[in-house]
Amino acid sequence: QVQLVESGGGLVQTGGSLRLSCAASGNIVSINAMGWYRQAPGKQRALVATVTSGYNTNYADSVKGRFTISRDNAKNTIYLQMDSLNPEDTAVYYCNANIKMPWSYARDYWGQGTQVTVSS
């Protein structure tokens, strides 16, 4: 089995910063892309940022220049440094990882989500 455990969410004022972490554990052969998605109330889940195993990154236009995704392959962990937060960033943030387990094809796994609330 595979688990993705997120941490670091919370309440912050406009202009503040938060750092999210997501650690993958379990019987893992390899991890391909990992990333963060978010879902605001009444909206669909949307991509925030992704990072490949080779450290190539991709960001949603709305967070470019404010958020930074990073990865520690030795720890099977990704981070999301969020700066200059604004109320529009309020959402549940989900970690995603494309993981290969023994004797199976790689597939996507999701974390349980962590709430980020930005007050005005």
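On a 1 Å grid over the protein atoms alone, a pocket is an open set of points where a 1.4 Å probe fits, with protein on both sides within 12 Å along at least five of seven lines, and its lining residues have an atom within 4 Å of a point; a volume is the space filled by probe spheres set on the points, which are joined across faces, edges and corners. The largest pocket holds about 180 Å³ of space. This is a predicted model, in which local features need pLDDT of at least 70 and side-chain atom pairs count only at pLDDT 80 or more, while totals for chains, interfaces and linings use all residues. Residues are numbered from 1 along each chain as its sequence is written, and side-chain values use heavy atoms, with hydrogens and water left out.

**Pocket lining**
- Of the 14 residues that line the largest pocket, R38, A40, K43, A46 and E88 lie nearest its centre.
- Strand β5 (46-51) gives the most to this lining, with three residues (strands are DSSP runs of E, at least two residues, numbered from the N terminus).

**Aromatic rings and charges**
- One aromatic pair is found in the whole structure (ring centres within 6.5 Å): the centres of Y37 and W110 are 5.1 Å apart and the planes stand at 65 degrees, so the pair is edge-to-face (over 60 degrees).
- Y37 in β4 (residues 30-39) and W110 in β10 (residues 107-110) are 73 residues apart.
- The charged end of R45 sits over the ring of Y94, 3.7 Å from its centre (CZ of Arg within 6 Å of the ring centre and within 35 degrees of the ring normal).

Definitions and conventions. Rings of Phe, Tyr and Trp (its six-membered ring) pair if their centres lie within 6.5 Å; planes under 30 degrees apart count as stacked, over 60 as edge-to-face and the rest as tilted. Helices (H or I, at least four residues) and strands (E, at least two) are DSSP runs, numbered from the N terminus.
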